[in-house]
Amino acid sequence: MQQRYVSKELTHFVGRGLPNDESRYRLLVKILNSGWLTHPPHDINYSGHLLVNAGAKFSNNDMYNPEIVCFCDIPLCDLAIHMQKYSRFGLSFHKTFLVEKGATPVFYIAK
């Protein structure tokens, strides 16, 4: 199966580290009720910081720790592949909506 990487929607999966679908569902409901999709430590007053460890290796993912929420640029027909890894629960928005809010693509660096 070939993975496509361009979509009209951007998707954020929730609850990957939670033990079961019931916990992931409760998290999704909490996000929807609060109106906030946040990164750890999940404090709406503390957001968007970039922690830099200048002595760490960039290629090991240790130099930068951005406090951001990531969205996947994956076509709907290919989401099942990623749902197996991340979660069956998530939020999806039209890409144009998120770009207007300041979203930008994630850039991956090969090790």
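Is Asp 21 buried, partly exposed or exposed? In this predicted model, Asp 21 has a relative accessible area of 27%, so it counts as partly exposed. Asp 21 forms a salt bridge with Arg 88, with the closest N and O atoms 2.6 Å apart. Because Asp 21 lies in helix α1 and Arg 88 in the loop between α2 (79–85) and β4, the pair ties together parts that are 67 residues apart in sequence. Arg 88 is exposed, at a relative accessible area of 57%.

Helix α1 covers residues 21–34, and its 14 residues should span 20 Å at 1.5 Å a residue; the end C-alpha atoms are 20 Å apart, which agrees. At the start of α1, a side-chain oxygen of Asn 20 comes within 3.2 Å of the backbone nitrogen of Glu 22. Just after the helix, Gly 35 takes a positive phi of about 80°.

The buried residues of α1 are Ser 23, Arg 24, Leu 28 and Ile 31. They cover an arc of only 140° around the axis, so they sit on the same side of α1. An α-helix has 3.6 residues a turn, so residues three or four places apart point the same way. Part of what covers the buried residues of α1 is β4 (90–94). On the other side of the helix, Lys 30, Leu 32 and Asn 33 are exposed.

Glu 22 is partly exposed at 45% relative accessible area, and Arg 26 is partly exposed at 48%.

Another salt bridge joins the side chains of Lys 95 and Asp 73, at 3.1 Å from N to O. Lys 95 lies in helix α3 (residues 95–100) and Asp 73 in the loop between β3 (64–66) and α2, so this pair ties together parts that are 22 residues apart in sequence.

Thr 11 is buried, with 5% relative accessibility, and His 12 is buried, with a relative accessible area of 14%. The side chain of Thr 11 makes a polar contact of 3.2 Å with the side chain of Ser 92. For His 12, a polar atom of the side chain lies 2.6 Å from the backbone oxygen of Cys 70. Among the residues that Thr 11 touches are Cys 70, Phe 71 and Leu 91; those touched by His 12 include Leu 37, Val 69 and Phe 89.

Conventions
Residues numbered from 1 in each chain as written. Predicted model: local features only at pLDDT ≥ 70, side-chain atom pairs only at ≥ 80, totals over all residues. Heavy atoms only, no water. Buried < 20%, exposed > 50% of the residue type's maximum accessible area, 1.4 Å probe, protein only. Polar contact = N/O pair within 3.5 Å; in protein donor to acceptor, adjacent residues only side chain to side chain. Contact = heavy atoms within 4.5 Å. Helix = DSSP H or I, 4+ residues; strand = E, 2+ residues; numbered from the N terminus. Expected span 1.5 Å × (residues − 1). Arc of directions from axis to C-beta. Salt bridge = Lys/Arg side-chain N within 4 Å of Asp/Glu carboxyl O.
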